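Thank you for making time this morning.

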Amino acid sequence: MGQFNTFLLKEWRESWRSFKFIWIPIVFILLGITDPILNYFMEDILNAVGNMPEGFATMMPELHAIDLLAASTGQFQSIGLIVLIASYTGTFSKERQNGTATLLYVRPISFTAMFLSKWIVASSVAIVSAIAGYAGSMYYTVLLYGKVDPARFMAMLGTYCIWLLFVMAVTVAMSAAFKTPIATTITIVLILIGSVVDSIIGGFWTVTPYKLSTYGLRFVDESVTMSIFWSTFILTLSLIFVFVIVGIYFSKKRASTVKV
Amino acid sequence: MTCIQVAQLTKQFGEQKVVDHVSFTLEEHTATALIGPNGAGKTTTLSMLTGLLQPTNGQIIMPGVKDIRGAIGFLPQYPQYFSWLTAFEYLEMTANLSGMEKRKVKKEAQKILEFVGLGAAMNKKVAAFSGGMKQRLGIAQAIIHQPKLLLLDEPVSALDPVGRREIMNLLKEIQQQTTILYSTHILNDAEEMTDQVLFLRNGQLVEQGSLHQVRTKFDEPRYKIQFVSSDEARQFASQSELVAKAEQNIVYADIREEKPSMQQLLHRLASSPYHVVKVERETASLEEIFMKVAGSDGTI
């Protein structure tokens, strides 16, 4: 327990003093408020700067709160995830590469404590960012488009946070196993390309972590199938567990590649 | 009491044996210098002792110690720190990770920082530290948990003469409480603080023993006689029955089994017409021994 607390404090200080706890949530807030505002004023924006020919008629779709939350989710799923992955993909590999890990690895340390502390702090940043981003999105959505039931909103947010725990577990585990560039590539392929593939041919299956964000949105319009959601939930937790174990194993195995 | 015993330690990367069947024993409270040219395997040897590298073969035994990592302190050649931590926070972290009792940590960290001369800078971020301050912090993190064995990789090579002197003095003080093994290629430093020297060349331990033993073995004592002019030197060298050679106005005369004695030499000089400036007996410096060991072809 002592080692875990020490590592947790160290990771916390790192994320705090490198301002990751501030600027990543700000990115998410900006991503979150863009869609509600932009869509609401789209007609005015087009009229003002669109340079449309005389008599051009636009048909604006009737948007509901759920559409804007979906649009914000889409932003988090692309730009948001890239920011998070890029920020934490070096958490093990960079320390090995620049030699700061040497003076830790020569001590009788617990790699389990080390891995968990890194994963927990990275996940905290991710979750704080998601809360901030969705709060921003929600604020303007309610202001401009109408109400969303708070309980359903919380269910969606909670579901998205499970997905983020999975993303960060993959990121930190890959960082433990590979050098930074390779870790980044593999994580991006696994998470972002995986999401794209799932959205293209994902009609054939229902239980996969990639669909968690979609199921989260279905909580809002009440179209979620609970049995499928729970299966997905349990599968994701199991995968998180697998990646944590894999990550701890590799963090120990790769310790000897540290620069002395 | 034996502090650590290393037997047949070998590390192979592919075909190349970087460390080749190295065996030695360190007694408690001694200082040992690991000497060798670049690429001799000094850092690899130290890395294996710290547990960072797994040996291909061989054993490392510390009597009465279960986890060696808890009983050693290590200072790498280029220590890297988390620059966003202060010196105190860094030391607190390393003490905790070394398993020091929680209530002792803060007091001990402060004491050690003052001991290495970082008392005034302890709440400054490491990012703002100079090379010498980083080396002090490196020593602090290596000794905070009172290790039985302190391993230092080129502890003073990167420092200026003032910093080097200060760190050497610090190490001499530390030596009274622990066993030190340090690698170096700066032989003046080794000469200053050594009970035992280990010469590594191409991964092999080619020579070991106390500085005195090694010196006796490799020493080629000689007289250095300085004359006023180089003519005199040349003439003296050619006339006398000494094994001697002249270099400008200096004659080097070899001593074989204490012959000739200083008395005989002075006698000869006194009866010669030459003007002598200086006569002295020279012993090989560690540097010359190093050149001999490093340059010889492994037959020793």
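Before I count anything, let me say that helices and strands here are runs assigned by DSSP, a helix having at least four residues and a strand at least two, and both are numbered from the N terminus. Please also keep in mind that what you are looking at is a predicted model.

With that in place, let me begin with chain A, which has 11 helices and 0 strands, so that, by this definition of the elements, its order from the N terminus on reads α-α-α-α-α-α-α-α-α-α-α. The C-alpha trace of chain A spans about 75 × 40 × 30 Å along its principal axes, and of its 260 residues 47% count as buried. If we take the contacts in chain A between residues at least 6 apart in sequence, 82% of them join residues at least 24 apart.

Let me now turn to chain B and its strands.

One open sheet in chain B consists of 3 strands in the order 2-1-4, with antiparallel pairing. Strand 2 (16-27) and strand 4 (57-61) of chain B are at the edges with a single partner strand each, and therefore one side of each has no neighbour in the sheet. From one strand to the next, the twist averages 10°. Strand 1 (residues 2-13) of chain B is joined to strand 2 of chain B by 8 antiparallel bridges, and in that pairing B:Gln12 has B:Lys17 of strand 2 as its bridge partner. Helix 1 of chain B packs on this sheet, where it touches strand 1, strand 2 and strand 4 of chain B, and its direction makes about 120° with that of strand 1.

A second open sheet of chain B has 4 strands in the order 11-12-10-13, again with antiparallel pairing. Its edge strands are strand 11 (244-247) and strand 13 (276-282) of chain B, each of which pairs on one side only, and neighbouring strands are turned by 20° against each other on average, direction ignored. Between strand 10 (residues 222-227) and strand 13 of chain B there are 6 bridges, the two strands running antiparallel, and B:Ile225 has B:Val279 of strand 13 as its bridge partner. Lying across strand 10 and strand 13 is helix 10 (residues 262-270) of chain B, which runs at about 165° to strand 13.

Why can we say that strand 8 (residues 196-201) of chain B is largely enclosed by the rest of the structure? The reason is that 6 of its 6 residues are buried, where buried means under 20% relative accessible area. B:Gln196, B:Leu198 and B:Leu200 point one way from strand 8 of chain B, while B:Val197, B:Phe199 and B:Arg201 point the other way. Strand 8 of chain B is joined to strand 3 (residues 31-35) of chain B by 4 bridges in the parallel sense, with B:Leu34 opposite B:Leu198. Strand 8 and strand 9 of chain B form a hairpin with 2 residues between them, and B:Asn202 in the turn has a positive phi of about 45°.

Strand 5 (residues 72-75) of chain B is likewise covered on both faces, with B:Ile72 and B:Phe74 buried on one side and B:Gly73 and B:Leu75 buried on the other. Strand 5 pairs in the parallel sense with strand 6 (residues 149-153) of chain B over 4 bridges, and B:Phe74 stands opposite B:Leu151 of strand 6.

Which elements give two or more residues to the lining of the largest pocket? The pocket has a volume of about 470 Å³, and among its 20 lining residues the closest to its centre are B:Gly51, B:Leu52, B:Leu53, B:Gln54 and B:Arg69. The elements in question are helix 11 (226-253) of chain A together with helix 1 (42-50) and helix 2 (68-71) of chain B. The lining residues divide into 11 nonpolar, 3 polar and 6 charged.

A search of the whole structure also finds 1 cavity of 30 Å³ or more. The residues that line the largest cavity include A:Asn98 and A:Lys259 from chain A as well as B:Pro76 and B:Tyr78 from chain B, and its lining divides into 4 nonpolar, 4 polar and 1 charged.

Conventions: Residues are numbered from 1 along each chain as its sequence is written. Chains are lettered from A and ligands numbered from 1 in the order in which they are written. This is a predicted model: local features need pLDDT of at least 70, side-chain atom pairs count only at pLDDT 80 or more; totals for chains, interfaces and linings use all residues. Side-chain values use heavy atoms; hydrogens and water are left out. On a 1 Å grid over the protein atoms alone, a cavity is a set of points where a 1.4 Å probe fits but cannot get out, and a pocket is an open set with protein on both sides within 12 Å along at least five of seven lines; lining residues have an atom within 4 Å of a point. Grid points are joined across faces, edges and corners, and a volume is the space filled by probe spheres set on the points. Ala, Val, Leu, Ile, Met, Phe, Trp, Tyr, Cys and Pro count as nonpolar, Asp, Glu, Lys and Arg as charged, and the others, Gly among them, as polar. Two strands pair if DSSP finds at least two bridges between them. Axes are lines fitted to C-alpha atoms, for helices over the stretch in contact, and angles run from 0 to 180 degrees between N-to-C directions. Contact means heavy atoms within 4.5 Å. Buried means under 20% relative accessible area, exposed over 50%, partly exposed in between (1.4 Å probe, protein chains only).
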